[in-house]
Amino acid sequence: MASGERGALQEELTALARGDRAAFDPVFRRLWPLLRGFAGRFLPLEEADDVAQEALLRVFARSSEFDVRRDALSWVLSIAAWQIRTHRARIRRRREDSSDAAAERPDGGPSPEATVLARSLNAALDRALAQLPAADAATLIAYARGERPDLPGPTFRKRVERALARLRARWRIDHGSL
Amino acid sequence: MAVSEPIQTGLKLAARRAYERGRFQGALWRGAAAAILAIPGFAVCNQTPWAGVCLAGFAIVVAAGRLRGLGYEEGTRAGALAGILPSLLPAAVRAFDPDLCVLLSSRGPWLCAAGGVAAGVILARRGRAAHGLPFWSGALAALGFAAALGCIPAGALGFAGLAAGVLVGGAPVLVSQRAAT
């Protein structure tokens, strides 16, 4: 900011602090680009605008408290810097909270032991099916999937019963019990 | 990167609201501080309904001056400062000697006149930089309410003494300032 602009900001903010509402527009026009630029140097673009707005509102809310002996630009930027720090702290806290929550949250899936057990059962079933005649294995797979081959219902049901009986027998041979 | 016109207009409105809210909060604090400062003048010597009205009026005038700003704020600040002495003098006298307060109040306007002289000097000195109706109306309203707190027990004579004291204290300062410029 040029020294002339800095002097103008000092005068306008002093007038605003004294209650001169006519100084509001010039102060707004001067501060908004200044605060956006300042926040943009420290934050990503999409966050910078939000923080610049918060800083602008805070500057205006506190402008009646402005001590006219102080440098106006330093005063404004100190408020903006505080706002940027607050925003960063808020983001950091949010990240910490979300990572804590992720660590504590149960995912609803099976436990590792259950997964291993299911995997070994599937493998054993695949082995047993592979040892059955191909027609029996195809019948059982179609039954498990809910598919109905182009056969009369009673015929299909009998084939399923026969295939299941053979599978049970094979399972008993391999694993001792069902 | 350009910000669209409606967004900028909305932001400007929000900023204006924030500014007015800040001034209003400041006004409440200043009014409360003025009331607290003047409470001894009400509580020690003078717990009448009229004194309560003066106490409330003093706080409201100071708060309104702060809210309005510029000459009004400067005037009410000067008036409050000038009015505190005549407001608190009777309370201070009573704290020193309880009977003296009643005696001085009943014997004439001297206590109020003494406070008025001090108030006149302060007001004239503070009014040097800020002339005009806003300053003087704010200053006289704040001074009137504050000083009335101390002068109600002395009656009409007390107010006359106060007015005379303000003139006697303030006129020479104003005249000398006018002569210097």
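Residues are numbered from 1 along each chain as its sequence is written, chains are lettered from A and ligands numbered from 1 in the order in which they are written. Because the model is predicted, local features need pLDDT of at least 70 and side-chain atom pairs count only at pLDDT 80 or more, whereas totals for chains, interfaces and linings use all residues; side-chain values use heavy atoms, with hydrogens and water left out.

Chain B contains 7 helices and 0 strands, where helices (H or I, at least four residues) and strands (E, at least two) are DSSP runs numbered from the N terminus. The order of its elements from the N terminus is α-α-α-α-α-α-α. Of its 181 residues, 44% count as buried; buried means under 20% relative accessible area, exposed over 50%, and partly exposed in between (1.4 Å probe, protein chains only). Among contacts in chain B with a separation of 6 or more, 77% come from residues 24 or more positions apart, a contact being defined by heavy atoms within 4.5 Å.

Apart from neighbours within four places in sequence, Ser87(B) is in contact with Ala38(B), Gly41(B), Ala146(B), Ala147(B), Leu149(B) and Gly150(B). Leu70(B) is also found in helix H3 of chain B. Leu70(B) has a positive phi of about 50° although it is not a glycine. Most residues other than glycine have a negative phi. With a relative accessible area of 26%, Leu70(B) is partly exposed.

The interface between the chains brings 20 residues of chain B into contact with 21 residues of chain A. The buried area is about 1900 Å², of which carbon and sulfur atoms give 59%; this quantity is the accessible area (1.4 Å probe) that two parts lose on being put together, summed over both. Between chain B and chain A, 10 residue pairs are in polar contact (both at pLDDT 80 or more). A polar contact is a pair of N or O atoms within 3.5 Å; within protein, one must be able to donate a hydrogen and the other to accept it, and residues adjacent in sequence count only if both atoms are side-chain atoms. On the side of chain B that touches chain A, the elements giving two or more residues are helix H1 (5-43), helix H2 (49-68) and helix H3 (70-96) of chain B. H1(B) gives the most, with 11 residues. By class, this side of chain B has 9 nonpolar, 3 polar and 8 charged residues, with Ala, Val, Leu, Ile, Met, Phe, Trp, Tyr, Cys and Pro counted as nonpolar, Asp, Glu, Lys and Arg as charged, and the others, Gly among them, as polar.

The interface includes 3 salt bridges, each defined as a side-chain nitrogen of Lys or Arg within 4 Å of a carboxyl oxygen of Asp or Glu. In one of them, Arg18(A) pairs with Glu74(B), the closest N and O atoms being 2.8 Å apart. Asp25(A) and Lys12(B) form a salt bridge with an N to O distance of 3.2 Å. Asp25(A) lies in helix H2 of chain A and Lys12(B) in helix H1 of chain B, so this pair joins two chains. Asp25(A) is partly exposed at 32% relative accessible area, and Lys12(B) is partly exposed at 28%.

Over all chains, the whole structure holds 15 salt bridges. Within chain A, the side chains of Arg6(A) and Asp71(A) meet at 2.6 Å, N to O, in a salt bridge. This pair links distant parts of the chain, 65 residues apart: Arg6(A) belongs to helix H1 (residues 3-17) of chain A, and Asp71(A) to the loop between helix H3 (45-62) and helix H4 (72-104) of chain A. Arg6(A) is partly exposed at 34% relative accessibility, and Asp71(A) is partly exposed at 25%. A further salt bridge joins Asp49(A) and Arg36(A) (3.0 Å, N to O). Asp49(A) lies in helix H3 and Arg36(A) in helix H2 of chain A, so the pair ties together parts 13 residues apart in sequence. Both Asp49(A) and Arg36(A) are buried. In chain B, a network of salt bridges links Arg23(B), Arg30(B), Arg66(B), Glu73(B) and Arg77(B).
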